[in-house]
Amino acid sequence: MHGSCNFVEFVCAPSINMPRLSLQDKAPAIGQLEAGVPVRRVAALFGVSPGTISKLRTKFRETGEVKDRPQSGRSRKTTPQEDWFLTLASLRNRRLSSRDLQARFAQRYHGQISDQTVRNRLHMAGLHAYMAARKSAMTTLHRQARLRWCRQHRQWNLRMWGNVMFSDESRFCLRKLDGRIKVWRRRGERYADCCIDRVTPFNGGSVMVWGAISVTGKTELVIIEGNLNAVRYRNEILEPVAIPYLQNLGPNSILQDDNARPHRGRIITEYLQNLGVERMEWPAVSPDLNPIEYLWDQLGRAVRVRVTNATMLADLRQILVEEWDAIPQQCVTRLVTSMRRRCQAVVAAYGSSTRY
């Protein structure tokens with residue numbers, strides 16, 4: 001039997017920010033120590049760490065004083081009132097840069113501080129710079145319509161949402177431009193091949209697709225060649241794919257599509273009415289309410305892993321179909337079951353944008 005080594009793991013207790021001992025309490029604390037009270041008991045009495053009391057006793061024995069020693073370093077450039085001014089200005093306009101706040105500070109207090117000081121004060125207030133989330137622009141009417149729709153549908157249960165087929169189109173570019181690419185280079189190497197990010201005109205072309213999902217499955221992915229109009233929407237998507245899927249979904253099936261012009265043409269409305277297809281009213285500017293939007297993002301990430309510089313548009317079409325078919329049904333079902341939470345989130349935001 002081979003010998004084995006037992007490793008003992010030492011875990012350091014997390015540091016706790018104990019309160020500082022005020023100047024008024026330092027003299028009474030020294031009095032307690034001089035009276036023979038143990039350090040730990042004195043620390044518990046004043047609500048500080050034993051180390052603070054121990055350091056106070058050492059300092060008193062060495063200097064005979066309890067005041068703090070002079071601190072080294074640069075003095076603080078702003079007062080608490082000025083800190084609050086910077087914080088409030090940033091909260092009122094989240095798009096102000098540190099340079100903008102620096103200029104406002106100089107105009108208000110007739111003094112100069114660095115932009116790094118501005119950032120430090122905002123960090124102390126819990127404010128940090130991030131990329132702004134991108135959401136669709138909304139008017140008051142848009143928010144009111146979204147709020148009204150979500151209030152009508154937030155009580156729907158899973159059985160009711162199970163009758164809905166969610167559909168949408170999306171476009172995928174062969175090349176994705178990314179302005180954040182950085183390289184390490186020396187002076188004079190800006191145009192060296194190893195330091196250049198080569199791009200193709202129009203991102204190398206794109207492919208437009210249509211798809212639909214429900215709580216029980218998803219349709220095939222339809223590749224749309226050229227521009228989509230109402231006639232092509234009926235002949236190439238609704239008639240061969242969407243309508244058969246709705247019929248298999250059940251007698252109470254509902255078609256969801258957005259308010260794009262090809263979807264709302266007169267010939268489409270008449271076509272669906274003649275077939276007796278129920279169509280869901282859909283609020284404008286509401287991608288966060290359509291669960292298929294998440295699948296487009298997931299599909300795009302899966303496709304980008306497989307696309308190389310040698311990939312052609314024909315290859316991209318094939319990759320899109322393969323990755324769409326590979327999306328597991330559990331993911332689709334989970335997205336559809338999130339509809340109630342999506343509606344509740346819009347109601348809580350009074351019709352405005354949500355995290356979805």
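1. Contact of α7 with α14. Arg-146, Leu-147, Trp-149, Cys-150, Arg-151 and His-153 of α7 meet Met-339, Cys-343, Val-346 and Val-347 of α14. Contact here means heavy atoms within 4.5 Å. By class, these residues divide into seven nonpolar, one polar and two charged. Ala, Val, Leu, Ile, Met, Phe, Trp, Tyr, Cys and Pro count as nonpolar, Asp, Glu, Lys and Arg as charged, and the others, Gly among them, as polar.

2. Basis of the model. This is a predicted model, in which local features need pLDDT of at least 70 and side-chain atom pairs count only at pLDDT 80 or more, while totals for chains, interfaces and linings use all residues. Residues are numbered from 1 along each chain as its sequence is written, and side-chain values use heavy atoms, with hydrogens and water left out.

3. Geometry of α7 and α14. Helix α7 covers residues 140-153 and helix α14 residues 339-348; their axes come within 9 Å and cross at roughly 135°. Axes are lines fitted to C-alpha atoms, for helices over the stretch in contact, and angles run from 0 to 180 degrees between N-to-C directions. That makes α7 oblique to α14. Angles under 35 degrees count as roughly parallel, over 145 as roughly antiparallel, 65 to 115 as roughly perpendicular and the rest as oblique. The crossing is left-handed. Left-handed means that the near helix is turned anticlockwise from the far one by less than a right angle; clockwise is right-handed.

4. Helices α9 and α10. The axes of α9 (residues 230-249) and α10 (residues 266-275) come within 10 Å and cross at roughly 30°. The two helices are therefore roughly parallel to each other. α9 passes α10 in a right-handed crossing. Residues making the contact include Tyr-233, Leu-238 and Ile-243 of α9, and Ile-268, Tyr-271 and Leu-275 of α10. By class, this contact has ten nonpolar, no polar and two charged residues.

5. Aromatic pairs. How many aromatic pairs does the structure hold? There are eight. Rings of Phe, Tyr and Trp (its six-membered ring) pair if their centres lie within 6.5 Å; planes under 30 degrees apart count as stacked, over 60 as edge-to-face and the rest as tilted. Phe-85 and Tyr-109 form an edge-to-face pair, 5.5 Å centre to centre with 85° between the planes. Phe-85 lies in helix α4 (residues 80-92) and Tyr-109 in helix α5 (residues 98-109), so the pair ties together parts 24 residues apart in sequence. Phe-85 counts as buried at 17% relative accessibility. Tyr-109 counts as partly exposed at 23%. Buried means under 20% relative accessible area, exposed over 50%, partly exposed in between (1.4 Å probe, protein chains only). Ring pairs also link Trp-149, Trp-156, Trp-161, Phe-166 and Trp-282 into a cluster.

6. Thr-219. This residue is found in the loop between β3 (217-218) and β4 (222-224). Thr-219 is buried, at 6% relative accessible area. Beyond its neighbours within four places in sequence, Thr-219 is in contact with Met-165, Trp-210, Gly-211, Ala-212, Val-241, Tyr-245 and Trp-324.

7. Asn-120. Its place is in helix α6 (residues 115-124). Asn-120 is partly exposed, with a relative accessible area of 32%.

8. Whole chain. The secondary structure comes to 14 helices and six strands. Helices (H or I, at least four residues) and strands (E, at least two) are DSSP runs, numbered from the N terminus. Buried residues make up 36% of the 356 residues.
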